Amino acid sequence: MTKKLLARLLPAVLLPFAFCACSKTPYAELPKVSESEIWNYAEQSVAFGNRCAGSPEIRKYAQWISETAAKSNKFKVYSQKFSAPTPRGEVLFENIIAEISGKDADFILVAAHYDIKRFQLLRNFQGANDGASGVAALLGMISALQKHDRLPPCGIRFVFFDGEECMVQYGPADGLHGSRALAREWEKNGTLKQCRAMILLDMIGDRELTLTIPENCTKSLVQMAIRLAGETGFSGKCTEFNAEILDDHVPFLEKGIPSINLIDFDYGPGNAFWHTEQDSLDKISASSIRTVADFTIGLCWKIAEN
């Protein structure tokens, strides 16, 4: 079983989460992400090499992500470290959290995973799309918010999840380690009560970008995203997918948090580039990542202002 198995593994959660169709802040006035910064973040991510969970490379990568996010003095950056059993023994994981305050005490969670799939036979797997693209988007949004002269309408917590990829087969002790651990901790300490919504970014660097939002997302959030796509010229590139996808939004969805997965699960002909050596920098586009990052900022404002 692979990470994003196209099967009806989990029931879609339909939550009563109503929104107004209008936004108080025009899209053109929102923070905008730098395409050149996006590409720099993607290149530097791939340069860390085999960034699979538990590896020396991912520890160096985690430090770089934390230091890069912390350059913004508007953000508080910290990590959640924990050990968990896996098919390859006990592994130390680290979620990285960068939070910015808003006009409202509540917050929106925007997340991506930073680990890549572990392969025995693929020597040159870069994980440029399935890993680096989400990291580049989050760091790009953090930089854009740092430069913006206004606070967001509510807080935003950017989370870089570790251990999303399974080592053998998805199950209670394999895969989604970071998102499961954070959802449990935030439920236990009451933080989840302040979380308005969860937006997950995954595989968003495809040159031929089309977001394929899976069925197991909160329907009102999906409708809001599709309306926003129509308002911003992204219509036709943001579609509903007729299957469920197991990904880092699921642990939050299961705990009642309105959640949406912005993912392009059509990477190369017939998704042929996914989890292969073709998932490389030459197959992704800074423009695609920047488009999704800007779109995500717009979605955050729309959620917060309604």
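**Reading a predicted model, feature by feature**

Reader: Happy to. Where in the chain does Lys-74 sit?

Author: Lys-74 belongs to the loop that runs between helix H2 (56-70) and strand S1. A residue can also be placed by its distance to another one. Lys-74 and Thr-218 lie 30 Å apart from C-alpha to C-alpha, with a sequence separation of 144 residues.

Reader: And how far apart are the C-alpha atoms of Ala-181 and Glu-94?

Author: Those two C-alpha atoms are separated by 10.0 Å, while the residues are 87 apart along the chain. Ala-181 is part of helix H4, which covers residues 177-189. Its relative accessibility is 6%, so Ala-181 counts as buried.

Reader: Let me step back to the whole chain. How many helices and strands does the protein chain have?

Author: The protein chain has seven helices and eight strands. Its C-alpha trace spans about 50 × 40 × 40 Å along the principal axes. Of the 306 residues, 58% count as buried.

Reader: What does the radius of gyration tell me about this chain?

Author: Here the idea is to compare the value with what a globule of that length would give. A compact globule of 306 residues would have a radius of gyration near 19 Å, and the protein chain, at 17 Å, agrees with that.

Reader: Next, backbone angles. Which phi does Asn-271 have, positive or negative?

Author: Asn-271 has a positive phi, about 65°, although it is not a glycine. Another non-glycine residue to look up is His-275, where phi is positive too, at about 55°.

Reader: Where do I find Asn-271 and His-275?

Author: Asn-271 is in the loop between strand S8 (259-263) and helix H7 (286-305). His-275 also lies in the loop between S8 and H7. As for accessibility, Asn-271 is buried with a relative accessible area of 13%, and His-275 is buried at 12%. The cut-off behind this reasoning is that buried means under 20% relative accessible area.

Reader: Now the aromatic side chains. How should I read a ring pair?

Author: Two quantities describe a pair of aromatic rings: the distance of the centres and the angle of the planes. In this structure, a search of the whole model finds 14 aromatic pairs. One of them joins Phe-75 and Phe-158, with 6.0 Å from centre to centre and 45° between the planes, a tilted pair.

Reader: Which parts of the chain does the pair of Phe-75 and Phe-158 tie together?

Author: Phe-75 is in strand S1 (residues 75-86) and Phe-158 in strand S4 (residues 155-161), so the pair ties together parts that are 83 residues apart in sequence.

Reader: How are the rings of Phe-234 and Phe-295 arranged?

Author: Their centres are 5.4 Å apart and their planes meet at 55°, so this pair is tilted. The pair links distant parts of the chain, 61 residues apart: Phe-234 is in the loop between helix H5 (219-231) and strand S7 (238-240), and Phe-295 is in helix H7. Phe-234 is buried at a relative accessible area of 8%, and Phe-295 is buried at 1%.

Reader: Which residues do ring pairs link into a cluster?

Author: The cluster consists of Tyr-41, Phe-48, Tyr-61, Trp-64 and Tyr-114.

Reader: Last topic: empty space. How is it found?

Author: A probe the size of a water molecule is rolled over the atoms, and this shows where empty space is left. This structure holds one cavity of 30 Å³ or more. The largest cavity has about 50 Å³ of space.

Reader: Which residues line the largest cavity?

Author: The lining is made up of Cys-52, Ala-53, Asp-115, Ile-116, Lys-117, Arg-118, Glu-165, Cys-166 and Met-167. By class, that lining has five nonpolar residues, four charged ones and no polar ones.

Terms used. Residues are numbered from 1 along each chain as its sequence is written. This is a predicted model: local features need pLDDT of at least 70, side-chain atom pairs count only at pLDDT 80 or more; totals for chains, interfaces and linings use all residues. Side-chain values use heavy atoms; hydrogens and water are left out. Helices (H or I, at least four residues) and strands (E, at least two) are DSSP runs, numbered from the N terminus. Buried means under 20% relative accessible area, exposed over 50%, partly exposed in between (1.4 Å probe, protein chains only). Rings of Phe, Tyr and Trp (its six-membered ring) pair if their centres lie within 6.5 Å; planes under 30 degrees apart count as stacked, over 60 as edge-to-face and the rest as tilted. On a 1 Å grid over the protein atoms alone, a cavity is a set of points where a 1.4 Å probe fits but cannot get out, and a pocket is an open set with protein on both sides within 12 Å along at least five of seven lines; lining residues have an atom within 4 Å of a point. Grid points are joined across faces, edges and corners, and a volume is the space filled by probe spheres set on the points. Ala, Val, Leu, Ile, Met, Phe, Trp, Tyr, Cys and Pro count as nonpolar, Asp, Glu, Lys and Arg as charged, and the others, Gly among them, as polar. The radius of gyration is taken over C-alpha atoms; the globule rule is 2.2 Å times the number of residues to the power 0.38.
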